[in-house]
Amino acid sequence: MRPPVLLLVFFFLLLGALPRAVLCRRHASPPLATETLDVAASLSRARAAVSTEAVSLHQSAAAVEVVGEHEEGLGLRVHSRDFLPEEQGRHQSYRSLVLARLRRDSARAAAVSARAAMAAEGLTRADLMPANVTAFEASAAEIQGPVVSGVGLGSGEYFSRVGLGSPARQLYMVLDTGSDVTWVQCQPCADCYQQSDPVFDPSLSTSYASVACDNPRCHDLDAAACRNSTGACLYEVAYGDGSYTVGDFATETLTLGDSAPVSNVAIGCGHDNEGLFVGAAGLLALGGGPLSFPSQISASTFSYCLVDRDSPSASTLQFGDSAAAEVTAPLIRSPRTSTFYYVGLSGISVGGQTLSIPPSAFAMDSTGAGGVIVDSGTAVTRLQPQAYAALRDAFARGTQSLARTSGVSLFDTCYDLSDRTSVEVPAVALRFEGGGELRLPAKNYLIPVDGAGTYCLAFAATNAAVSIIGNVQQQGTRVSFDTAKATVGFTSNKC
């Protein structure tokens, strides 16, 4: 019995279609192995950043500290330090600006690495007490300890406008995910560094109150002492480079944007400040310890998006933002310190190909040594030497058509793109435990170092045990921290 004619026709049509379908699947477009760098646009921003016509935050509408109605929870605007009034006109060329950034960044990375290493070795900041302990135990007038050297902390690269006290005084504060103690310059101030706003005077605030020595918050400090005359708590915070801040520990009211004031926030009040935080009144601590601002307001989630450092525009810092991230990675806690946010990085790809890097290059051991920190204050991502070498060599192989030029500062892979308006470069992606992958835009890893068209690969090797994902690689990406779910999230173009 012959099969029906229609059935035979259908059978042959199907056979004819199969090779095409297979062919389509076989040649389906893979993820692009390159990224386009808009050389003309990035050079334009670089030149504008040092132009005499550059707009400072005081002149720009971006300085208005109001978070949009579509955003939930507490929120602040985030600005690049290079557009604070005190920074305008400080650099005659973009190269000078970049070299200043890299000097600060080297000190910052060294300080973070040293503090992480200290924690892994079981040391606390109390072990870095200044030699002049008598001054630390004395009255406020006798305290001579400098407040956090700007060199040691990298001087802070991103700021927000925070209201302090009652009535609220608006002050520029450095944002720092690598610190747990919020502090501000205070009157009486024998030797203050220059800041954009008048130095905070606690005597003019009705909400300022000293913290007593027997208060649990005083006990949460790594290093504290008691003022003999009043029983008030004095604090000291030491950093890995030997710099430190000493002063009165108090509670105060903070106001973020147009949100309701947050009362009873423990802060440090420094009276003799010799740091180099040009423009900043102090520091808003976003670390993971019990005294950090997120911990004090019981915010299990917060996120920030960092604008391009050459842009006068603003992005936001949000607390209580629970929006789902495009890419998630496990948040890893050190067994020795709660300050830093470690992330489970498993690999790096260049041009779509995973690099051959041993897992040990990214792993934290049982003592808390090693691992990878996500940091808002470090600019350039630091990798273990073998990881950096693999990244650099793969990138160089994929850019053989570009003209090489000599290295600049800590960058050893640089190009002359002065005759280009755009270029195709190998795509770079960070791969996380659990399968997440953050693909970086080209402008986040090939950056201008002068106004003439010299560009460098913005990664560096470190001899420290810990690796750091810096803010150059984070630019334009909303980075979120969820301590309840133990995740770090990354969402592109959500500033």
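This is a predicted model: local features need pLDDT of at least 70, side-chain atom pairs count only at pLDDT 80 or more; totals for chains, interfaces and linings use all residues.
Student: Hi! How many cavities of 30 Å³ or more does a search of the whole structure find?
Tutor: Three cavities of that size turn up. The largest cavity has a volume of about 250 Å³.

Student: Which residues lie nearest the centre of the largest one?
Tutor: Y94, R101, D310, I447 and P448 do, out of 18 lining residues.

Student: And which element gives the most to that lining?
Tutor: That's α3, with four residues. Elements that each supply at least two residues are α2 (39–49), α3 (94–120) and β25 (446–448).

Student: What's the lining like by class?
Tutor: Ten of the lining residues are nonpolar, two are polar and six are charged.

Student: You mentioned β25. What is the strand order in its sheet?
Tutor: The order is β20-β21-β26-β25, in an open sheet of four strands with antiparallel pairing. β20 (404–405) and β25 are at the edges with a single partner strand each, so one side of each has no neighbour in the sheet.

Student: How many bridges join β25 and β26?
Tutor: Three bridges, in the antiparallel sense, with β26 covering residues 454–457. P448, which is among the residues nearest the cavity centre, stands opposite Y455 of β26.

Student: Changing topic: how many disulfides does the structure hold?
Tutor: Four. One of them joins C414 to C456, with S to S at 2.0 Å. The torsion about this S-S bond is about 105°, so the disulfide is right-handed.

Student: Where do C414 and C456 sit?
Tutor: C414 is in strand β21 (residues 414–416) and C456 is in strand β26, so to speak two distant parts of the chain, 42 residues apart.

Student: Is C414 buried or exposed?
Tutor: C414 counts as buried because its relative accessibility is 0%. C456 also has 0% relative accessibility, so it counts as buried.

Student: What about C213, which cysteine is it joined to?
Tutor: C213 is joined to C226, S to S 2.1 Å. C213 is in the loop between β6 (209–210) and α6 (216–220), and C226 is in strand β7 (residues 224–226), 13 residues apart.

Student: Why does C213 count as buried?
Tutor: Because its relative accessibility is 16%, and the cut-off for buried is under 20%. C226 is partly exposed, with a relative accessible area of 33%.

Student: Which cysteine pairs with C218?
Tutor: C233, with S to S at 2.2 Å. C218 lies in helix α6 and C233 in strand β8 (residues 233–238), 15 residues apart. Both C218 and C233 are buried.

Methods: Residues are numbered from 1 along each chain as its sequence is written. Side-chain values use heavy atoms; hydrogens and water are left out. On a 1 Å grid over the protein atoms alone, a cavity is a set of points where a 1.4 Å probe fits but cannot get out, and a pocket is an open set with protein on both sides within 12 Å along at least five of seven lines; lining residues have an atom within 4 Å of a point. Grid points are joined across faces, edges and corners, and a volume is the space filled by probe spheres set on the points. Ala, Val, Leu, Ile, Met, Phe, Trp, Tyr, Cys and Pro count as nonpolar, Asp, Glu, Lys and Arg as charged, and the others, Gly among them, as polar. Two strands pair if DSSP finds at least two bridges between them. A disulfide is a pair of cysteine sulfur atoms within 2.5 Å. Buried means under 20% relative accessible area, exposed over 50%, partly exposed in between (1.4 Å probe, protein chains only).
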